[in-house]
Amino acid sequence: MKAVHFLILVCAVILPLGPVYAHGDEAHDPATNAAASSEPSQEATGMSGMQSASGQSAEAGHGSDGHDDASGGHESASEGDFVTVLKKLHPATIHFPIALFLLAALAELFVMAGRGAAAEPAVRVLIYGGAGGAVVAALFGWIHTGLWFGGDTVMHLHRWNGMLIAALGLALAALAYRPRKDRVLLRTGLFAMAALILLQGFLGGELAHGPDHLGLSWI
């Protein structure tokens, strides 16, 4: 065999062995290769988990914010409903002073006729109740309209007549608290109160049901 042929044969045997030994550790250690290949997957999974947790936390935060907003809206709605109920209580409160003062005036008529001297304490109690009811009715009247001083003539008359009734009711309560033999002042105030209450009822009807609600256009 010629030397050239022998050299070529040696090169053909040696050259393939170089790459085999150069990558021998990677080719012949599958556990290491599997671990190395799994590390990127675990890192990707960890990143995905962190992103999911962050997303859930953000959603939870938005959800709690929405719940807080809803709670605030519910509280505001409740407060609004409460104020609305207070504004609607004025018509309910006016019946007590109307009934009590009118009944007190009627009882005083029996006292004046000499047939109901024993009714004097009852008149006093009725005046106390009417005075308290008049103050409450006036207060709810202002709650109903707020600090508003507008309106037509009927509204102005109704507003300030109501204040006059409340003030006169307190004055009558003071007079009834210290009874005197001369009941002229008390009787004058009580009968004036009855007239003012009848006028106030008429004005309230005009506001609630419109002009000429009684059909008395001739007045």
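These numbered points cover the salt bridges and the pockets of a predicted model.

1. Basis. Local features need pLDDT of at least 70, side-chain atom pairs count only at pLDDT 80 or more, and totals for chains, interfaces and linings use all residues. Numbering runs from 1 along each chain as its sequence is written, and side-chain values use heavy atoms, with hydrogens and water left out.

2. Salt bridges. The whole structure holds three. A salt bridge here is a side-chain nitrogen of Lys or Arg within 4 Å of a carboxyl oxygen of Asp or Glu. Glu108, Glu120, Arg183 and Arg187 are linked in a network of these contacts.

3. Glu108 with Arg183. Their side chains meet at 2.7 Å, N to O. The pair links distant parts of the chain, 75 residues apart: Glu108 lies in helix α6 (residues 95-112), Arg183 in the loop between α8 (153-177) and α9 (184-209). Helices are DSSP runs (H or I, at least four residues), numbered from the N terminus.

4. Glu108 with Arg187. This salt bridge spans 2.5 Å, N to O. It joins helix α6 to helix α9, with the two residues 79 apart. Glu108 has a relative accessible area of 0%, so it counts as buried (buried is under 20%, exposed over 50%, partly exposed in between; 1.4 Å probe, protein chains only).

5. Arg183 with Glu120. The N to O distance is 3.8 Å. Arg183 sits in the loop between α8 and α9, Glu120 in helix α7 (residues 120-145), 63 residues apart. Arg183 is buried at 8% relative accessible area. Glu120 is partly exposed at 29%.

6. Largest pocket. Its volume is about 660 Å³. (A pocket is an open set of points on a 1 Å grid over the protein atoms alone, where a 1.4 Å probe fits, with protein on both sides within 12 Å along at least five of seven lines; lining residues have an atom within 4 Å of a point.) Of the 26 lining residues, His90, Ile94, His158, Gln200 and Gly204 are closest to the centre. Two or more residues come from each of α5 (90-93), α6, α7, α8 and α9. The lining has 14 nonpolar, 11 polar and one charged residues.

7. Second largest pocket. The volume is about 160 Å³. Its lining has 13 residues; Leu175, Arg180, Asp182, Arg183 and Leu186 are closest to the centre. Helix α7 gives the most, with four residues. By class, seven are nonpolar, none polar and six charged.

Technical notes:
Points joined across faces, edges and corners; volume = space filled by probe spheres on them. Nonpolar A, V, L, I, M, F, W, Y, C, P; charged D, E, K, R; others polar.
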